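Please examine the model shown below.

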Amino acid sequence: MGYGAASMATKVTMPQLGESVVEGTIGKWLVSVGQSVAKDEPLVEILTDKADSELPAPVAGIVTQLLAGEDDIIAVGDPICEIDENAQAGATPTAASDDSPAPVTAPDVGAPPPTSPSVRKLAREKDVDLAGVQGSGDGGRIMHDDVMASIGTSSSPERMATPPPPTVSRAPAPPPRPAQPPSRTTGPSGAFRLPPYVPKEGDEVVPFTRRRRIIADHMVYSKQTAPDVVTFAECDLHRTASLRDQHKGHFKKEGVNLTYLSFAIAATARALREFPEINSRVLDDAFVKLAEVNVGIAVDTDEGLVVPVIRNTDDLTIRGVARAVADVAERARSGDLTPNDLSGKTFTISNPGRRGNLVGGAIISQPNVAILRLGTIKKRVVVIEHEGEDVMAIHPVMHMALTYDHRVVDGVHANGFLYRIAEILEYGDFEL
């Protein structure tokens, strides 16, 4: 976090919250002008396209100026507030200089209830006043379900209720267009037009949350940018399943859940080293093979999909991968990921979860050039060779789909890469 001293005061600036983050949005001020703060006390919520976090005070003192308002977008390094280390509580705040932004005074609402940035963001989106919410967590901490329960709905079955439908306004009719001759063009300027939405009784309009909008924009950008192709593979997991069965009890005693996902991630990381063009990104007139292998795993949370990153995945054993998966998944669901946890992935794996389907192609997560979508694992009848004869056996089988960017990756490399992942899994060739 950066800050600089001016006379007897410290100016707190927008920090660099991740290697690719160049700006942040002021979410909610947690302090007001004239308030005394301790060092490392949260000052403000910072929202980025990666994650949300609280900015701690670099020094102890009195908040003399708030230089940005809620929802303002501030560039990294620009000042957002000022703390006077020598001021006394209740002292008149320092006047801003002529060339400084006008100070913004946050309403004094008292000490915020204990909760996390993700819960406070949920409360803003649902228009819930946290001052009236009873926390069920340790020390009265307000949890996700507490917010949902306060508006009559919850992710927990016992709190499920039907929320009142929002007021739906009729979309204005488009202005009449002059008669034109038939057009044979295609695309957005072609002949096709979406019919206007006409509200019907019982319809529910659900506004995009901030994270949903970011996901939507990312997916549209990816489909418009990358000429993607999908290739599929079937994988017999018999030997990997036997290896897992032999060691999962021992791993469990160490507090590690040995999942099939950990084996798939380890096999993928090794294959990325052997097929470096899959571990790359596209530039304007070139592409770069990346030195690090950082695998991102898609995690579904109550607020939408996030992709935390396991760094230097190819250097990890199965035990290391399993620990890393458990760590990032838990922090993703509790809202404790930092922007750095979501930055720097070089390849992405999408896991179907317990209620997955056979297989499906995923959209590439930019700026990666490929994404692997795992299918659900089912016991199937397969043909194997036993003592020189073909026999039928029942083995766990998984389908996989690789979506790749044809600007960089040719079919022969994509097929070879996916074949190699399946080969490692079928032979159970792992270091535990």
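Which element supplies the largest share of the lining of the largest pocket? That share, 6 residues, comes from helix H6, which spans residues 318–333. This is a predicted model, in which local features need pLDDT of at least 70 and side-chain atom pairs count only at pLDDT 80 or more, while totals for chains, interfaces and linings use all residues. Residues are numbered from 1 along each chain as its sequence is written, and side-chain values use heavy atoms, with hydrogens and water left out. Helices (H or I, at least four residues) and strands (E, at least two) are DSSP runs, numbered from the N terminus.

The largest pocket holds about 1,100 Å³ of space. A pocket is an open set of points on a 1 Å grid where a 1.4 Å probe fits, with protein on both sides within 12 Å along at least five of seven lines; lining residues have an atom within 4 Å of a point. Of the 32 lining residues, Leu261, Asn351, Pro352, Gly353 and Arg354 are the closest to the centre of the pocket.

Of its 54 residues, Met400 and Leu425 touch the most other members. Apart from this core lies another, of 20 residues, among them Val44 and Ile80.

Terms used. Core = buried A, V, L, I, M, F, W, Y, C linked by side-chain atoms within 4.5 Å. Buried < 20%, exposed > 50% of the residue type's maximum accessible area, 1.4 Å probe, protein only. Points joined across faces, edges and corners; volume = space filled by probe spheres on them.
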